[in-house]
Amino acid sequence: MSTLIANNHISTILLVGLTFISVWLAQSTIEQNVLVILVTLSVMVKGQLIVDTFMELYQAPNKWRYVLLSYVVLVPLILAIIIYS
């Protein structure tokens with residue numbers, strides 16, 4: 001139980017840190033192409049953390065875990081493709 005709580009705390013800190021980094025990047029003068037890539041990667045990592053840690057799908061059948069993880073990867077990629085085109 002304490003390991004699960006520790007994982008939740010670490011994941012929460014990572015999620016907040018990635019959010020702060022994304023906000024900082026949005027306020028900076030970084031080129032839009034680089035910004036889109038960095039924020040898309042941040043969204044993917046955050047989604048993976050949520051699926052595995054808070055939804056606890058690391059214990060679920062692989063089919064369900066992969067469906068949600070593919071959603072976390074595909075949606076940001078599709079949005080990045082739309083922005084680039």
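# Figure legends: close-up views

**View 1. Thr40 touches Pro76, Leu77 and Ala80, with residues up to four places away in sequence not counted.** Contact here means heavy atoms within 4.5 Å. The model is a predicted one, in which local features need pLDDT of at least 70 and side-chain atom pairs count only at pLDDT 80 or more, while totals for chains, interfaces and linings use all residues. Residues are numbered from 1 along each chain as its sequence is written, and side-chain values use heavy atoms, with hydrogens and water left out. Thr40 is placed in helix 2; helices (H or I, at least four residues) and strands (E, at least two) are DSSP runs, numbered from the N terminus. Thr40 counts as buried because its relative accessibility is 12%. The classes are buried (under 20% relative accessible area), exposed (over 50%) and partly exposed (in between), with a 1.4 Å probe and protein chains only.

**View 2. The chain as a whole.** The chain holds three helices and zero strands, and its elements run α-α-α from the N terminus on. Along the principal axes, the C-alpha trace spans about 45 × 25 × 10 Å. The chain has 85 residues, of which 26% count as buried. Among the chain's contacts with a separation of 6 or more, 69% are between residues 24 or more positions apart.

**View 3. Packing of helix 2 (residues 32-54) against helix 3 (residues 62-84).** The two helices pack at an angle of about 165°, and their axes are 10 Å apart. Helix 2 is therefore roughly antiparallel to helix 3. Axes are lines fitted to C-alpha atoms, for helices over the stretch in contact, and angles run from 0 to 180 degrees between N-to-C directions. Angles under 35 degrees count as roughly parallel, over 145 as roughly antiparallel, 65 to 115 as roughly perpendicular and the rest as oblique. Helix 2 and helix 3 make a right-handed crossing; a crossing is right-handed if the near helix is turned clockwise from the far one by less than a right angle, and left-handed if anticlockwise.

**View 4. Residues in the contact of helix 2 with helix 3.** From helix 2, the contact includes Gln32, Asn33, Val34, Ile37, Val43, Met44, Gly47, Gln48, Val51 and Asp52. Among the residues they meet in helix 3 are Arg65, Leu68, Leu69, Val72, Val73 and Pro76. The residues of this contact divide into 15 nonpolar, five polar and two charged. Ala, Val, Leu, Ile, Met, Phe, Trp, Tyr, Cys and Pro count as nonpolar, Asp, Glu, Lys and Arg as charged, and the others, Gly among them, as polar. Val75 counts as partly exposed because its relative accessible area is 30%.

**View 5. Helix 2 and its buried residues.** Helix 2 has 23 residues and reaches 31 Å from its first C-alpha to its last, close to the 33 Å expected at 1.5 Å a residue. The expected span is 1.5 Å times one less than the number of residues. The buried residues of helix 2 include Leu35, Leu49 and Thr53.

**View 6. Val36 and Ser42, both in helix 2.** Val36 is buried because its relative accessible area is 11%. Neighbours within four places in sequence aside, Val36 is in contact with Ala80, Ile83 and Tyr84. The C-alpha atoms of Val36 and Ala26 are separated by 9.4 Å, at 10 residues apart along the chain. Ser42 is buried because its relative accessible area is 8%. With residues up to four places away in sequence not counted, Ser42 touches Leu18 and Ser22.

**View 7. Ile30, in the loop between helix 1 (2-27) and helix 2.** Ile30 counts as partly exposed because its relative accessibility is 32%. Beyond its neighbours within four places in sequence, Ile30 is in contact with Leu25 and Leu35. Ile30 and Phe20, 10 residues apart in sequence, are 16 Å apart in space, C-alpha to C-alpha.

**View 8. Glu56, in the loop between helix 2 and helix 3.** Most residues other than glycine have a negative phi. Glu56 has a positive phi, near 55°, and follows helix 2. Glu56 counts as partly exposed because its relative accessibility is 33%.
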